[in-house]
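Visitor: I am new to this one. Could you put it on the screen and walk me through it?

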Amino acid sequence: MTADNVKRFDDAAADWEEKPQRVAVAHRVAEAIAQAIPLAKTMQVLEYGCGTGLVSRALSRHVATILAVDTSPRMLEVLEQKAQEEQLGNIRTLAHDLTQTRLPNKDFDLVLCSMTLHHIPDVEPLLDQFFAALKPGGYLAVADLVAEDGSFHEDNTGVAHHGIDPAAVRAILNKNGGLGIAVQEIHTIEKQQKNGAKRGYPVFLAWCRKGT
């Protein structure tokens, strides 16, 4: 991400969880991942674009460890504070931009990414890296907005895509040899439009397993 984007998320971190819709989406994503993937107390997990860790914190009691990665140091500070308050001792944080530098770790049982891809200009190399970070047989789970017309965000600064085409994600997972690829709409975000009408914006989850 650009320095401007990092600053925007740094500035928003303190109030990030004050929007009920944002919290609801994260909890639904965590719930859908837990339903789709057989989580276990032995699993080493990576979440990329973790923000304040809403998804990681919801899943942490079901797995061994979570490495929560984000480009915003301030978001990670909020995550660390909340994890301490919630007595979650198995979450580590890392300020890192995977679009610039690969992670050395290649032994994760699960890599997940929620509501982040639409901020990434070139999605395919990032998904390729997620596969590279998985051990054979590991799982990948990606959630994001279904492609929309640009009306979702009040300010589209820093938004690289107006949602993501689930079919494009499926194709990238297939190219990487993903097994048991599945895509499902799991949630709808209701937002009021300028004309006063409400509109629903679907959120999808795509998941698969890395071949052995």
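Guide: One term first: a residue is buried under 20% relative accessible area, exposed over 50%, and partly exposed in between, with a 1.4 Å probe and protein chains only. This is a predicted model, in which local features need pLDDT of at least 70, side-chain atom pairs count only at pLDDT 80 or more, and totals for linings use all residues. Residues are numbered from 1 along each chain, and side-chain values use heavy atoms, without hydrogens or water.

Visitor: Fine. Is Cys-113 buried or exposed?

Guide: Cys-113 is buried, since its relative accessibility is 1%. Cys-50 also counts as buried, at 6%.

Visitor: And how many disulfides does the structure hold?

Guide: It holds zero disulfides, a disulfide being a pair of cysteine sulfur atoms within 2.5 Å.

Visitor: Where do Phe-152 and Tyr-201 lie?

Guide: Phe-152 is in the loop between β5 (134–145) and α6 (166–175), and Tyr-201 is in strand β7 (residues 198–209), so the pair ties together parts that are 49 residues apart in sequence. Helices (H or I, at least four residues) and strands (E, at least two) are DSSP runs numbered from the N terminus.

Visitor: Which residue lies over the face of Phe-152?

Guide: Lys-191 does, at 4.3 Å from the ring centre. The rule asks for NZ of Lys or CZ of Arg within 6 Å of the ring centre and within 35 degrees of the ring normal.

Visitor: Which residues line the second largest pocket?

Guide: Phe-152, Lys-191 and Tyr-201 are among them, as are Ser-151, His-153, Glu-154, Gln-192, Gln-193 and Lys-194. A pocket is an open set of points on a 1 Å grid where a 1.4 Å probe fits, with protein on both sides within 12 Å along at least five of seven lines; lining residues have an atom within 4 Å of a point.
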